[in-house]
Amino acid sequence: MFHSKIDQYLRKARWQRFFVLLALLPALAALSSCGSSSTATPTITVTGAATAVNVNLTVQFTATIANLSSTLANWQVNGVTGGNTTYGTINSNGLYTAPALTPTGSLNVVVITAIAQAQTSLTATANLTIEPPATITGVSP
């Protein structure tokens with residue numbers, strides 16, 4: 001009889017421990033996730049429809065932003081938001097318009113920059129060469 005009471009107590013205690021463990025599993029899962037982050041690192045890339053453009057023509061640029069609350073970007077040409085008449089302009093949709101004249105020297109390569117609006121420290125760049133207008137050398141009848 002002594003052994004049966006001990007056996008009953010141990011069986012009962014096993015089930016109690018099981019239910020306590022089952023009840024604590026959500027809390028244990030929550031604690032195990034503390035301090036770890038499952039959010040991915042934000043990224044941005046810039047692609048252009050071309051790497052060179054003639055004066056007065058346009059090139060579409062696209063900024064691809066991942067892992068941020070917004071996929072909107074601000075655009076710059078050679079560090080100037082929206083660009084200027086010397087190096088070309090770019091609108092809020094990434095459409096670049098080359099200047100009317102080719103910039104002189106090595107400045108005919110401009111840097112297009114996209115800046116993530118949701119995290120302004122996140123930027124990406126692409127280079128674009130501005131070519132002179134096409135010339136016609138001669139016409140024969």
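Trainee: Which residue of strand 10 is the bridge partner of Ala52?

Mentor: This is a predicted model, in which local features need pLDDT of at least 70, side-chain atom pairs count only at pLDDT 80 or more, and totals for chains, interfaces and linings use all residues. Residues are numbered from 1 along each chain as its sequence is written, and side-chain values use heavy atoms, with hydrogens and water left out. Strands are DSSP runs of E with at least two residues, numbered from the N terminus, and two of them pair if DSSP finds at least two bridges between them. Strand 2 and strand 10 pair in the parallel sense over 3 bridges, and in strand 10 the partner of Ala52 is Thr129.

Trainee: Why is one side of strand 2 and of strand 5 left without a neighbour in the sheet?

Mentor: The open sheet has 5 strands with mixed pairing, in the order 2-10-9-4-5. Strand 2 (52-54) and strand 5 (80-81) therefore each lack a neighbour on one side, because they stand at the edges, each with a single partner strand.

Trainee: How many residues of strand 4 are buried?

Mentor: Buried means under 20% relative accessible area, exposed over 50%, and partly exposed in between, with a 1.4 Å probe and protein chains only. Strand 4 is mostly covered, and the number of buried residues among its 5 is 4.

Trainee: Which residue in the turn between strand 4 and strand 5 has a positive phi?

Mentor: Gln76 stands opposite Thr81 in strand 5. The two strands form a hairpin with 2 residues between them, and the turn residue with a positive phi, about 50 degrees, is Asn78.

Trainee: How many residues has the largest nonpolar core?

Mentor: Such a core is a set of buried Ala, Val, Leu, Ile, Met, Phe, Trp, Tyr and Cys residues joined through side-chain atoms within 4.5 Å. Those with the most contacts inside the largest one include Phe61, Trp75 and Leu128. Among the elements giving two or more residues to this core are strand 3 (58-66) and strand 9 (109-116). The number of residues in the core is 24.

Trainee: What is the relative accessible area of Thr64?

Mentor: Thr64 lies in strand 3. Counting contact as heavy atoms within 4.5 Å, Thr64 touches Thr43, Ile44 and Thr45, leaving aside residues up to four places away in sequence. Thr64 is partly exposed, with a relative accessible area of 45%.
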